[in-house]
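Okay, thanks for coming, everyone.

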Amino acid sequence: MNQPVGIVDLFAGPGGLGEGFSLFKDQAGKKIFSIKVSIEKEPSAYATLHLRSFLRKFNDEFPPEYYDFLNGKIDEPDWSTLYPDEWMAASDEVKCLTLGTKKASDFLANRIADIRKMCGDRVILIGGPPCQAYSLAGRSRRAGIVDYVPGKDPRNFMYKHYIKVLAALQPAAFVMENVKGMLSSLVQVRGNRIFRAIRSDLCDAAGPSSYQIFALSPSNEKTRLDRECLASDFIVRFEDYGIPQARHRVIIVGVRKDIVQRIPPPRLLPLAMQTKCSVRDVLDAMPRIRSGLSKCDSANAWEQQMQDVITIVRKHAPTLSRREAMAFKSVWARCDAMLADAVVLPRECSGGIELPGSCPVNLRHWIMDKALTRLPNNYARGHMPDDLARYLFAAAFSQACGRSPKARDFPDALAPNHRNWRSGKFSDRFRVQLLDAPASTITSHIAKDGHYFIHPDPTQCRSLTVREAARLQTFSDNYYFKGNRTQQYIQVGNAVPPFLAHQIAERLWHVFRALDQNVG
């Protein structure tokens, strides 16, 4: 290739999609994609994005001070003083802006002109417009709002900012990611449901029928034209591509038609199936750390609380088969032995940077960084005593029964004081992430509580840490998330897994390689 392909990243979050593209290399080890601008409006996500952009300026050799910071030897330095040129370059690339505002529009108009002059056709637009308005959970919450009118909710139309940039930039290709709920949303645009309207707008962004739309699902191997694609073709099941998480998202890829016509078939191959990966494959070798207490936390207080919790849960153990009951008792034996030996785990610790031997080699290389001596963003959150008892019960139940408990499985003494607890609406309100299966979808809800993301080890009695969630999202261990812990959880939950983004980048690299081979 003559020069790197420029990337414009909108709604970038902490940078998962851009990270996958920026790290892709061809067979000769040359980086193919170069991020020219990233836009994110949330300050803590922007700070994470800015830091990562800064680190990319050093190619594959991060500054030694960065590892000293991650390893706890020093506080985070003032990067702008230490490396002013690289920090300034990152500041020029990453912008904290709200798309649709005059400030953002003026900036993008100028930057797009520069990118077009610098890169010509060798540009890709990527991004995932905010998805709360389309998500099934969001729609369920709004169902009880009497005066809610979907067509008047601006969140349903954030994608139009993406379309506007697409029309102005006219890149060779684009990638748009969103939630699966977009396909079933009943929001109407010009008489069409929202997904049909979005497809139409994407196709015609640079003029009538200017883009050909492709689906990445292997079920779409014939690379059918957009008008023949079913909406379901655009659903990508991440667990099929080596992501240790059952995350299902809509991913739409478009290539400008004049470029498609210059490329011999097959124009864009579907993603290749990868080795399945489980929670165990990325979390099992991590350091064991205890939960915290939401009030008055200390090692002694936690030990006493755990003794009380074990007593309560043992007293109210459910009726199980003989095999399950014996497995349940073995959990108590482990917890009792731990406390009897005065083994009170820390809430954060050094070491434990390895991945289990079962982790696929390519994912191991993607996540692990041997320069680390501890894992950043790996501090356990605090929980209320009542929730500790439920977490202990749930994790023990999962080990005994091979599944996460439903509401009906909880003893009455452990049931939360919710009127609808037994109604079926909250049947999996407390969900354990099973070791030998992909995790459930990591979402931003993990920031509110850990009930859906309970660690499978009962002796740790806690929800997942930010780092554990980040591993399930396939962020490298050296990827540091800025902001407070709540903000970090939200960033991780909203991100596109970089390891999947890397696979999408490979597919688009084939497009540009074929284009280069057929110039003229």
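This is a predicted model: local features need pLDDT of at least 70, side-chain atom pairs count only at pLDDT 80 or more; totals for chains, interfaces and linings use all residues.

Residues are numbered from 1 along each chain as its sequence is written, and side-chain values use heavy atoms, with hydrogens and water left out.

So, the overview. The chain has 18 helices and 12 strands; those are DSSP runs numbered from the N terminus, H or I of at least four residues for helices and E of at least two for strands. There are 520 residues, and 54% of them count as buried. Buried here is under 20% relative accessible area, exposed is over 50%, and partly exposed is in between, with a 1.4 Å probe and protein chains only. The accessible surface is about 22200 Å², and carbon and sulfur atoms account for 51% of that; the areas come from the Shrake-Rupley method with a 1.4 Å probe, and for residues only the protein chains shown count as cover.

Now contacts, meaning heavy atoms within 4.5 Å. If you take those between residues at least 6 apart in sequence, 73% join residues at least 24 apart.

On to the inside. As a general point, nonpolar side chains in soluble globular proteins tend to be buried together. Have a look at Phe33: beyond its neighbours within four places in sequence, its contacts include Val5, Ile7, Phe21, Ile124, Leu508 and Trp509.

What about disulfides? The structure holds zero, taking a disulfide as a pair of cysteine sulfur atoms within 2.5 Å. For Cys359, the closest cysteine sulfur is in Cys277, 5.0 Å away, and that's too far for a bond. Cys359 is buried at 3% relative accessibility, and Cys461 is buried too, at 1%.

Next, charges. Side chains of opposite charge can pair when their charged atoms come close. A salt bridge here is a side-chain nitrogen of Lys or Arg within 4 Å of a carboxyl oxygen of Asp or Glu, and the whole structure has 27 of them. The one I'd point you to is Asp516 with Arg122, at 3.0 Å from N to O. Asp516 is in helix α18 and Arg122 is in the loop between α6 (102-119) and β4 (123-127), so this pair ties together parts that are 394 residues apart in sequence. Arg122 is buried at 10% relative accessibility, whereas Asp516 is partly exposed at 23%.

Then there's Arg237 with Glu239, whose closest N and O atoms are 3.2 Å apart. Which partner is buried? That would be Glu239, at 7%; Arg237 is partly exposed at 40%. There's also a network of salt bridges linking Glu19, Arg52, Arg56, Lys57 and Glu93.

At the N-terminal end, Asn484 is the cap, with a side-chain oxygen 3.2 Å from the backbone nitrogen of Thr486.

Last stop, Arg347. You'll find Arg347 in the loop between α13 (322-340) and α14 (361-367), and at 12% relative accessibility it's buried. What does its side chain pair with? One partner is the side chain of Tyr379, through a polar contact of 3.4 Å. A polar contact is a pair of N or O atoms within 3.5 Å; within protein, one must be able to donate a hydrogen and the other to accept it, and residues adjacent in sequence count only if both atoms are side-chain atoms. A polar atom of the Arg347 side chain also lies 2.7 Å from the backbone oxygen of Ala380. Leaving out residues up to four places away in sequence, Arg347 touches a set that includes Ile289, Arg290, Asp297, Asn378 and Gly382.
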